[in-house]
Amino acid sequence: MNRIRVGLAGCGSVSEHYLANLQQCPHAEVVAVCDIVESRYRARMAEFGVGEGFPSLGEMLQGAEFDLLLNTTSMPSHYPLNREALLAGKHVYGEKPFADTYAHGLELLELARAKGLHLWGAPNVVTSPQFRFMAEALADGKIGKVHAAHACYGHSGPSWGPWFYKEGGGSLHDLGVYNVTTLTGLLGPAKSVIALMGTAVAQRVIERETVDVRADDNAMLLLDHGGAVFSHIQCGFVYRSANEDRTIELIAPHGAMNMLGWDWSPKGVQIRLECEMEWQTRCVASQGYSWQGGLAYAAECMVENKPCLMTPEHALHVVEIMEGARTSAKTGQRVELKSRFAWPIVAKGQ
Ligand SMILES: NC(=O)c1ccc[n+]([C@@H]2O[C@H](COP(=O)([O-])OP(=O)(O)OC[C@H]3O[C@@H](n4cnc5c(N)ncnc54)[C@H](O)[C@@H]3O)[C@@H](O)[C@H]2O)c1
């Protein structure tokens, strides 16, 4: 297999970015698209020269020959469509979160394993050169053992997609998911989570629909990574992050390190050792990384039979953390986590 045939489901906002990215990808080709709104799949067919379009995944599975489902539908459709595609023998790359609950995510993972299929869940943040730089600096012990980390991501909320504010949406699934992936990627799987989550804006008007907001728009998580390593993640649709230039901070005995820019679109890494007066800025080049390049990366791994830094076990762990956070916020209890993934993701000298 030297070119993966892709069927894309969900022709909304994000699909445009993936389709443009995949036009430059030598390892994948989008052969079909589908959306429950006909005008949307027809528009993407015309814009990107996609040969076939369908009003549902079921019809795309029946009518088109493809190897992999790229699922860019709204969040409530992720689990059912990913499941349908795996059952039909297709590899899956799902936008985040790839499942709504841990049980559903585990079911997908076991289904993929049983059928010998690939399963990926966005985001692809662990594939950025800045993530690699930070992971290697930690492995080298440059700043010492990190026991405290903080991540913050917020904006005023999407102006489209009423579903962002309904059951299954929310700021943790949409924004915090990036930071949960990055911090567990850097510090290791979390053993437990404690969270405060709430809905600050009770009603929003989105695409002329008045939405009674059911999802969180403000969340704060504390993760216990074991060995007294703690991290904090703050995300919301109710503020713009005060410091967009520095979104993730790692603090250690011999120095500190910050990610510059968002972890899904990093601009560099700042590092300062205890003996230095000034921050040093490193790793400013994107080296071909982009957040919408996750499928192109996965296709390259498939075609060239290379190991992939993104794993379904890590994506599942992130789903479990987010579900655990919701439970913790409801009950006021700390929630223990079961899932693990192979870590470190980037080993020293790898
Ligand atoms: N928009 C962004 O900038 C962005 C960036 C990164 C990730 N994402 C993620 O991508 C996903 C989609 O986001 P979006 O902003 O494109 O949303 P959107 O609302 O613009 O698009 C979703 C599309 O999915 C379609 N859809 C819903 N259920 C379907 C089903 N069962 N079968 C076929 N089509 C279906 C809808 O009709 C809609 O066209 C979300 O998980 C989001 O978090 C979005």
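How many helices and strands does the protein chain have? The protein chain has nine helices and 17 strands, where helices (H or I, at least four residues) and strands (E, at least two) are DSSP runs numbered from the N terminus. This is a predicted model, in which local features need pLDDT of at least 70 and side-chain atom pairs count only at pLDDT 80 or more, while totals for chains, interfaces and linings use all residues. Residues are numbered from 1 along each chain as its sequence is written.

The C-alpha trace of the protein chain spans about 60 × 50 × 35 Å along its principal axes. The radius of gyration is 20 Å, which agrees with the value near 20 Å for a compact globule of 350 residues; it is taken over C-alpha atoms, and the globule rule is 2.2 Å times the number of residues to the power 0.38. Buried residues (20 or more other C-beta atoms within 10 Å of their own, with C-beta atoms placed from the backbone) make up 48% of the 350 residues.

The domain assignment, which is automatic or from a database, gives domain 1 (4-121) and domain 2 (125-287 + 311-336). Their C-alpha centres lie 26 Å apart. The contact between them (C-beta atoms, placed from the backbone, within 7 Å) takes 19 residues from domain 1 and 15 residues from domain 2. On the side of domain 1 that touches domain 2, the elements giving two or more residues are α5 (102-115) and β6 (119-121). The largest share, five residues, comes from α5. By class, this side of domain 1 has eleven nonpolar, six polar and two charged residues; Ala, Val, Leu, Ile, Met, Phe, Trp, Tyr, Cys and Pro count as nonpolar, Asp, Glu, Lys and Arg as charged, and the others, Gly among them, as polar.

The interior can be followed next. A nonpolar core is a set of buried Ala, Val, Leu, Ile, Met, Phe, Trp, Tyr and Cys residues joined through C-beta atoms within 7 Å. The largest has 96 residues, and Val6, Met134, Leu295 and Ala325 have the most contacts inside it. Both domain 1 and domain 2 give residues to this core, so it lies between them. A second, separate core of five residues includes Phe164, Tyr165, Val213 and Ala215.

The ligand has 24 residues around it, of which Gly10, Gly12, Ser13, Val14 and Gly161 come nearest; a residue is near if its C-beta atom, placed from the backbone, lies within 6 Å. The shell around the ligand draws at least three residues from each of domain 1 and domain 2.

Terms used. Contact = placed C-beta atoms within 7 Å. Buried ≥ 20, exposed ≤ 12 C-beta atoms within 10 Å, placed from the backbone.
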